[in-house]
Amino acid sequence: MLSPENGEHHIFPVGKEFVTVLVRDPRTQKEDSWHSYIDYEIFIHTNSMCFTRKTSCVRRRFREFVWLRQRLQSNAVLIQLPELPSKTPFFNMNNPHHVDHRRQGLQEFLEKILQNALLLSDSRLHLFLQTQLSPEDMEACVCGQTKYSVADAIHKFASLNRRFPIEDEEGKKGKNDADSDSESSSSGLGPSDDSISCGCKANPASEES
């Protein structure tokens with residue numbers, strides 16, 4: 001059984017499919033000698049065909065959520081996207097209440113995003129949720145300006161971040177069965193001729209810690 005840690009266990013059925021998303025474990029990161037920021041772990045568990053990986057964990061900061069919302073909105077102009085937690089000059093990263101309130105707001109944002117089939121088809125969302133690529137690298141990947149595809153980036157991140165041995169073993173078993181029957185940073189990602197794919201076809205920033 002999954003342990004929700006910070007945050008509740010949310011499952012969103014889509015037919016027989018489900019997507020579980022948790023935003024949890026806020027941590028203070030040192031940016032330089034004078035600046036710090038908080039990032040949050042995003043945990044995904046799903047059986048949806050729209051996802052390249054069925055389980056994943058990445059860490060994202062608030063301004064990356066802002067970028068994601070802006071990009072999703074620009075590609076789905078007829079959809080009213082959910083709001084992010086409001087930016088406030090009074091936000092104090094040393095105040096547990098402030099941090100948890102933002103964490104809850106970020107989780108609610110992703111919960112609503114993942115219930116929308118059109119938004120779920122955007123490759124930027126999948127790169128955001130299942131890789132540690134920077135916004136610049138995510139945009140370049142989606143625009144076909146990298147040697148690796150969206151799926152390549154996700155698989156590469158998973159291979160470097162092996163936190164889910166059960167899925168890895170299941171993947172190996174599935175591959176062996178299929179064979180017997182007849183299936184950040186941009187550095188380190190090998191070239192690929194594969195087209196961009198996340199299971200579903202993709203449809204054609206402010207800054208705060």
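Student: What should I know about the model before reading values from it?

Tutor: The model is predicted: local features need pLDDT of at least 70, side-chain atom pairs count only at pLDDT 80 or more, and totals for chains, interfaces and linings use all residues. Residues are numbered from 1 along each chain as its sequence is written, and side-chain values use heavy atoms, leaving out hydrogens and water.

Student: How many helices and strands does the chain have?

Tutor: Helices (H or I, at least four residues) and strands (E, at least two) are DSSP runs, numbered from the N terminus. Here there are seven helices and four strands, in the order β-β-β-β-α-α-α-α-α-α-α.

Student: Is helix α5 mostly covered or mostly uncovered?

Tutor: Buried means under 20% relative accessible area, exposed over 50%, and partly exposed in between, with a 1.4 Å probe and protein chains only. In the chain, 44% of the 209 residues are buried. Helix α5 (residues 135-142) is mostly covered, with seven of its eight residues buried, including Pro135, Met138 and Cys141. The buried residues of α5 pack against β4, α1, α4 and α6, where contact means heavy atoms within 4.5 Å. Gly144, which follows α5, has a positive phi near 75 degrees.

Student: How many disulfides does the count come to?

Tutor: A disulfide is a covalent bond between the sulfur atoms of two cysteines. The rule requires a pair of cysteine sulfur atoms within 2.5 Å, and the count comes to zero. For Cys143, the closest cysteine sulfur is in Cys141, 9.2 Å away, so the pair is too far apart for a bond. Cys141 is buried at 1% relative accessible area, whereas Cys143 is partly exposed at 43%.
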